[in-house]
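This report describes selected strands and the confidence of a structural model. Please examine the sequence and structure before reading on.

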Amino acid sequence: MFLSFKRLFKASWQGIVRNWWLSLATILVVFLSVLTFTGIRLFGYSVNRTVAMLQERVDISIYFNKDVPESEIFQVQTELEGLPQAESVKYVSQDETLKFFQAKQKYNPAIFKAIEVLGTNPLSPSLSIKAKNNQDYQSILDYISKSGFKDRLITVNYEENQRVVQKLDIVKKTINTAAISFSVLLVGIAVLINFNTIRLAIYTAREEIRAMKLVGAPNWFVRGPFLFEGTIYGIAASVLTLLVTSVLVFAVSPKLEAALPGLGIGGYYWTHLGWIFLAQILFGIAIGLVSSFVAMNKYLEA
Amino acid sequence: MALIYFKDISKAYNNNLVLDDINFSVEAGEFVSLVGKSGVGKTTLLKFIIAEEQPSSGHVIFDDQDLGKLKGSQLSLVRRRIGTVFQDFKLFADRTVFENVAFPLEVLNQPDDIIKDHVGEVLKLVGLDSQKNQLPVCLSAGEKQRAAIARALIHGPDVIIADEPTGNLDPINTWDIIKLLLRINELGTAIILTTHNKDVVNKIGKRVISLENGKVIRDELNGQYII
């Protein structure tokens, strides 16, 4: 067993080294396939993370009459926190609301002036409710509209948010569908190119394969070195892809982070490096092995 | 019992009958020359022995086994009892002479030290000892043919089939190869040789089977090339 394994490995290694130009071309093609696969994975992460970041900003704000005492608002807060759909319920006092408002309107002196003229804080205290899932907002709204404290509210601010959520859902679904279709297309093309390259490599050895069969070599003995070669191509291409993607992520992720704070693609990449490499290796080996296996069948019929 | 028996063999390509009702046998240790014009079906008969092709009708029996009924591993086992010398050598281009000759022993899963000793002996026998580390591309036609014979011989087959082994060689190399085949035959291996070379066949002085128009027209123990 060990002897056969050693000979298979030796024969495949010799095949790679003695046909180094063909091996290099094959590794580069497998590398492109694995790179495409990795790129699609990182793109998918970026889209999902971006949408999640935008969704994190969505909430329901309920504004209370100014005469509602803080203790009553805290009771409502506790009540809402008890809802299974609620992720968090945050109290925003009148003073905090005013500070936010002033911060937002800092370039509009007329507003400042108007508030000064009023002499009191015209804004209401509020509760900001985040749901566990986007689909839960409607049921929280339904709960509020039937609640005992609904008469204590001035307004419920969700419509704007709701539109954003609905749009985000549509955008996410569209991007996901497009990304899956595009991924299937790209990976399909990459696998086809890869298959043809390996088929070409095996085609050049077809006479040898035939001769091996005719001198009595069983199929596994003939196929073994080519499958080993396919595996080595996959591993080499995966290592090359890991190096290239690491350099790219290292160079590009700070710029992406500056443009989209919280995207965290660099953090995701480095913390998942082991899994990414494992996926690359498995994908690379799979296409190397399957291509070699299928491409050889024709020549093993002798 | 015959080593190889061609029983009622016919072969047609696109309704063109190439071999018609061929019947003959080859005994263990025999030297047989198959002669006839190009296209008469000599190579096809050899291909039947290694089951590279199947006859349209009839049976090829190797040591009591009908080759037409063997599949996969059974066929591989029979092929390991046959040494094949192809006219175009069919050496493995990316393996050295040593590795080419060692291949059948690797198929038989022989240990490295035995392979090393045995291949060394056979390469000495065929006169390629000094070229054992060369790739086939570096060899002359005669050397390639000797390497092919060494590969056919290395695992001690019951029979060596040699398809026009001297077809691409000059007269000196031709005689070297024929002498080598005769020597191998003396050691007990049956040889089936196809050739166009009248001088070679006549000087060998062994059994000659002559084919014409798809039929065996002559089968003589100390035969001559008469077509």
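This is a predicted model: local features need pLDDT of at least 70, side-chain atom pairs count only at pLDDT 80 or more; totals for chains, interfaces and linings use all residues.

Strand S3(B) is covered on both of its faces: Phe31(B), Ser33(B) and Val35(B) are buried on one side, and Val32(B) and Leu34(B) are buried on the other. Because five of the five residues of strand S3 (residues 31-35) of chain B are buried, this strand is largely enclosed by the rest of the structure.

The average pLDDT of chain A is 83, and 98% of its residues score at least 70. Within chain A, helix H5 (residues 109-118) has the lowest confidence, with a mean of 76, whereas strand S2 (residues 86-92) has the highest, at 90.

Strands of a sheet pair through backbone hydrogen bonds, in either a parallel or an antiparallel manner.

| Strand | Partner strand | Bridges | Sense |
|---|---|---|---|
| S3(B) | S8(B), residues 190-195 | Five bridges | Parallel |
| S3(B) | S9(B), residues 207-212 | Four bridges | Parallel |
| S1(B), residues 4-13 | S4(B), residues 57-62 | Five bridges | Antiparallel |

Leu34(B) has Thr194(B) as its bridge partner in S8(B), and Leu34(B) also stands opposite Ile209(B) in S9(B).

Chain B also contains an open sheet of four strands in the order S2-S1-S4-S5, with antiparallel pairing. Its edge strands are S2 (16-26) and S5 (65-66) of chain B, each of which pairs on one side only. Between S1(B) and S4(B), Ile4(B) stands opposite Phe62(B). Helix H1 (residues 42-49) of chain B packs on this sheet and touches S1, S2 and S4 of chain B. The direction of H1(B) makes about 120 degrees with that of S1(B).

Terms used: Residues are numbered from 1 along each chain as its sequence is written. Chains are lettered from A and ligands numbered from 1 in the order in which they are written. pLDDT is the predictor's confidence in each residue, from 0 to 100. Helices (H or I, at least four residues) and strands (E, at least two) are DSSP runs, numbered from the N terminus. A residue is buried if 20 or more other C-beta atoms lie within 10 Å of its own, exposed if 12 or fewer, and partly exposed in between; C-beta atoms are placed from the backbone. Two strands pair if DSSP finds at least two bridges between them. Two residues are in contact if their C-beta atoms, placed from the backbone, lie within 7 Å. Axes are lines fitted to C-alpha atoms, for helices over the stretch in contact, and angles run from 0 to 180 degrees between N-to-C directions.
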